[in-house]
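Subject: Structure handover and notes

Dear colleague,

I am passing on the structure we spoke about, and would be glad if you could look through it alongside the notes in this email.

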Amino acid sequence: MHGSGRCSWLRCCGRKVLPPTSRQPACRRQEYSAGAKACAQSLRLLAFVDAIRDAALAGLKEHDRLTMARKQMERRLRERRANSKLPDLVELVLSRPVVSTALIQERLKISKQGALNLVGELGLREMTGRERAWGM
């Protein structure tokens, strides 16, 4: 509350919700609470829409990053044999944020050394942790 006894949030869309002659604090007036509620609801709605927009922009940015990473990895696949497991590893890495050696072995049905060799050829970043794990 300000020195005048009125709540500062009772300005909505540039208009005053309460008449200036009011002596009672604006937050407690029953007849003007509908206007204050409408103002608060519109502010919440605007904040919600802004949050949706920010999330959509972050999603588009992540999509662009994954698309660029896919193109870079596909360049490494050009001169590979038809029975190579590297394209399968690319799909696995793009479908999960982090892949471990055990997951690569299980999904691609290869040995631990084969998984490590494929990861080395793909140039993934190693994440720290108990197991060897990689991500983009």
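The notes below go from the whole chain to its sheet, then to the helices and a few single residues.

Please keep in mind throughout that this is a predicted model. The secondary structure of the chain amounts to 4 helices and 5 strands, and these follow one another along the sequence in the pattern β-β-α-α-β-α-α-β-β. Of the 136 residues, 28% count as buried.

An open sheet is formed by 3 strands in the order β3-β5-β4, with antiparallel pairing. The strands β3 and β4 (125–127) stand at the edges with a single partner strand each, so one side of each is left without a neighbour in the sheet. From one strand to the next, the twist averages 40 degrees. Between β3 and β5, which run antiparallel, there are 3 bridges, and in this part of the sheet Val99 stands opposite Trp134 of β5. Helix α3 lies across β3 and β5, and its direction is at about 80 degrees to β3.

Which residues of α3 are buried? They are Thr101, Leu103, Ile104 and Leu108, and because they cover an arc of only 160 degrees around the axis, they sit on the same side of α3. As background, an α-helix has 3.6 residues a turn, so residues three or four places apart point the same way. The buried residues of α3 pack against α2, β3 (98–100), α4 and β5 (133–135).

Thr101 belongs to helix α3, which spans residues 101–108, and with a relative accessible area of 7% Thr101 is buried. Leaving aside residues up to four places away in sequence, Thr101 touches Lys112, Ala115, Leu116, Arg132 and Trp134.

The axes of α3 and α4 come within 9 Å and cross at roughly 105 degrees, which makes α3 roughly perpendicular to α4. On the side of α3 the contact is made by Thr101, Ile104, Gln105 and Leu108, and on the side of α4 by Lys112, Ala115, Leu116, Leu118 and Val119. By class, the residues of this contact of α3 with α4 are 6 nonpolar, 2 polar and 1 charged.

The axes of helix α2 (residues 86–95) and helix α4 (residues 112–122) come within 10 Å, with a crossing angle of roughly 75 degrees, and α2 and α4 are therefore roughly perpendicular to each other. Here α2 contributes Leu86, Leu89, Val90 and Val93, while α4 contributes Leu118, Val119, Glu121 and Leu122. The residues of this contact of α2 with α4 divide into 7 nonpolar, no polar and 1 charged.

Residues just after the helices

Two backbone angles deserve a look when you go through the model. Lys109, in the loop between α3 and α4, has a phi near 55 degrees, which is a positive value in a residue other than glycine. Most residues other than glycine have a negative phi, and most peptide bonds are trans. At 70% relative accessibility, Lys109 counts as exposed. The helix α4 is followed by Gly123, whose phi is also positive, near 75 degrees.

Ala69 is found in helix α1, which covers residues 33–76, and Ala69 is buried, at a relative accessible area of 13%. How far apart are Ala69 and Met136, in sequence and in space? They are separated by 67 residues in sequence and by 7.8 Å in space, taken from C-alpha to C-alpha.

With kind regards

Notes:
Residues numbered from 1 in each chain as written. Predicted model: local features only at pLDDT ≥ 70, side-chain atom pairs only at ≥ 80, totals over all residues. Heavy atoms only, no water. Axes fitted to C-alpha atoms, helices over the stretch in contact; angles between N-to-C directions. Parallel < 35°, antiparallel > 145°, perpendicular 65-115°, else oblique. Contact = heavy atoms within 4.5 Å. Nonpolar A, V, L, I, M, F, W, Y, C, P; charged D, E, K, R; others polar. Buried < 20%, exposed > 50% of the residue type's maximum accessible area, 1.4 Å probe, protein only. Arc of directions from axis to C-beta. Pairing = 2+ DSSP bridges.
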